[in-house]
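Student: I have just opened this structure. Could you walk me through it?

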2 protein chains.
Amino acid sequence: MPTAHPARSPRRRVPRNTLNPDRILDAAITLLDRDGAEAFTMRALAEELGVGTMAVYSHFRGKDEISDAVAQRLLTEIELPAARGGDPGDRIADIVRSLYRLFSEHPSALQLLTSRPMRGDERIVVTDQLLGLLRSAGLGRTEAVRGYLALLQYTVGAAVWTTKGRRRRACEEAVGGQAEAGLPTTRPERHPSLVDLAPEIAEVGDMGPVQFEHGLDCLLRGLLGG
Amino acid sequence: MPTAHPARSPRRRVPRNTLNPDRILDAAITLLDRDGAEAFTMRALAEELGVGTMAVYSHFRGKDEISDAVAQRLLTEIELPAARGGDPGDRIADIVRSLYRLFSEHPSALQLLTSRPMRGDERIVVTDQLLGLLRSAGLGRTEAVRGYLALLQYTVGAAVWTTKGRRRRACEEAVGGQAEAGLPTTRPERHPSLVDLAPEIAEVGDMGPVQFEHGLDCLLRGLLGG
DNA sequence: ACCTGAACACCGTTCAAGT
DNA sequence: ACCTGAACACCGTTCAAGT
């Protein structure tokens with residue numbers, strides 16, 4: 001009496017051809033967004049799909065290949081502003097904003113997107129559009145390339161900050177206690193500015209997108225209005 | 001005949017009290033900087049120290065506690081500019097630059113420093129000094145807090161970018177082939193700006209600190225010179 | 001108190017096997 | 001071709017034991 005799964009899920013055997021790359025990627029993104037990067041496991045992925053662990057290996061070479069495909073797919077979801085006219089500065093802000101939104105909506109995918117080469121057509125289109133807009137805003141050739149990099153670096157940094165901050169806050173709430181917006185106890189003599197600005201620090205601490213907008217404004221002013 | 005380590009290292013038994021928290025943190029940072037974050041393993045750490053895996057647990061509660069302590073220690077290594085006079089803008093740039101340098105010199109520690117609350121006095125001093133300088137540069141209360149955040153976000157993003165780029169480049173070199181500075185093949189009709197600016201892109205691609213400086217200039221101009 | 005190995009519950013992946 | 005479980009080499013950590 002060879003009972004198949006001694007104490008596992010009630011799954012017996014899945015009908016053929018239920019699995020395909022798209023369904024696997026959907027499940028991977030669900031897993032990533034719902035449970036975080038550390039829960040993105042080949043075994044958990046298979047469980048999510050209601051399938052044996054090794055079934056996934058019929059469609060992808062391994063976890064790395066799935067991660068690459070997820071990054072690719074997420075970049076596809078970005079909606080680029082279609083309007084071809086208007087102020088270059090506004091259009092630049094639109095594109096960068098939608099990048100930030102992508103990172104915010106898929107927090108655990110941020111490291112996927114920053115850690116690997118980002119090949120694929122989607123990223124190239126974003127790059128090309130930004131470079132063209134920076135040029136048409138009057139920047140020189142090298143300035144445009146440097147400006148593009150500065151914009152992306154700021155965006156990634158702001159997204160990392162927001163993402164980690166969110167996790168930090170969740171962690172603190174789970175423990176209990178406000179913990180005054182992540183700032184440890186301070187002594188007025190040694191940290192005068194910190195104590196003086198405490199109310200503003202607490203106020204600003206929460207809102208990710210608003211803060212991103214503010215920094216983006218500053219950066220664009222410095223880039224374009226010099 | 002109970003032979004101790006069947007095929008392990010020739011270590012037999014270490015004299016007492018050779019281990020202490022400082023030596024463990026030294027080894028952890030060495031491991032992190034030399035072999036990368038994914039090589040930072042409790043077993044590898046013990047090997048580095050010439051000690052059994054579980055010996056470390058006599059000094060730290062677990063891997064998380066070691067990671068926290070490493071982050072703390074790295075923040076201590078930051079050298080804050082001592083000069084108390086001079087242009088606030090220059091002094092702000094100095095502090096942010098030394099933060100960027102810290103991140104660059106300890107690439108694998110970047111996620112350690114961004115993923116956890118960053119408690120401890122060292123971080124607080126940096127924050128307090130930056131806030132004070134932004135205020136004395138003429139910024140309002142909320143502007144100073146937002147400006148501080150923007151600066152840190154940009155710094156983290158630039159460091160992530162540089163770090164990941166370094167790994168990417170090493171990976172590509174190992175495979176062989178220049179791979180034209182990380183940019184995949186492009187078609188001139190679809191990506192005009194990218195093709196047009198190819199030489200500048202290749203030129204800028206390499207230098208991390210120079211690019212950081214440029215973006216920092218822009219951001220500071222937008223922040224202070226508005 | 002400090003260090004040890006064995007053992008447990010995980011992980012990605014290889015392999016031989018089923019349909 | 002597609003899916004399966006067993007097995008292998010890893011991981012962090014618990015535990016009982018040595019000195």
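Tutor: The accessible surface of chain A is about 11,600 Å² (Shrake-Rupley method, 1.4 Å probe), with 52% of it on carbon and sulfur atoms. Please note that this is a predicted model, in which local features need pLDDT of at least 70 and side-chain atom pairs pLDDT 80 or more, while totals for chains, interfaces and linings use all residues. Residues are numbered from 1 along each chain as written, chains are lettered from A in the order written, and side-chain values use heavy atoms, without hydrogens and water.

Student: How many helices and strands does chain A have?

Tutor: Chain A has 10 helices and 0 strands (DSSP runs: H or I of at least four residues for helices, E of at least two for strands).

Student: Now the interface. What area do chain A and chain B bury between them?

Tutor: They bury about 5,600 Å², 63% of it on carbon and sulfur atoms; this is the accessible area (1.4 Å probe) lost on being put together, summed over both parts. For chain A, the three residues that supply more than any other three are A:Arg146, A:Gln153 and A:Trp161, with 14% of the area it buries against chain B.

Student: How many salt bridges are there between the chains?

Tutor: There are 4 between chain A and chain B (side-chain nitrogen of Lys or Arg within 4 Å of a carboxyl oxygen of Asp or Glu). One of them joins A:Arg141 and B:Asp196, at 3.3 Å, N to O.

Student: Which helix gives the most to chain A's side?

Tutor: That is α7(A), with 18 residues on the side touching chain B.

How values were computed: Buried area is the accessible area (1.4 Å probe) that two parts lose on being put together, summed over both.
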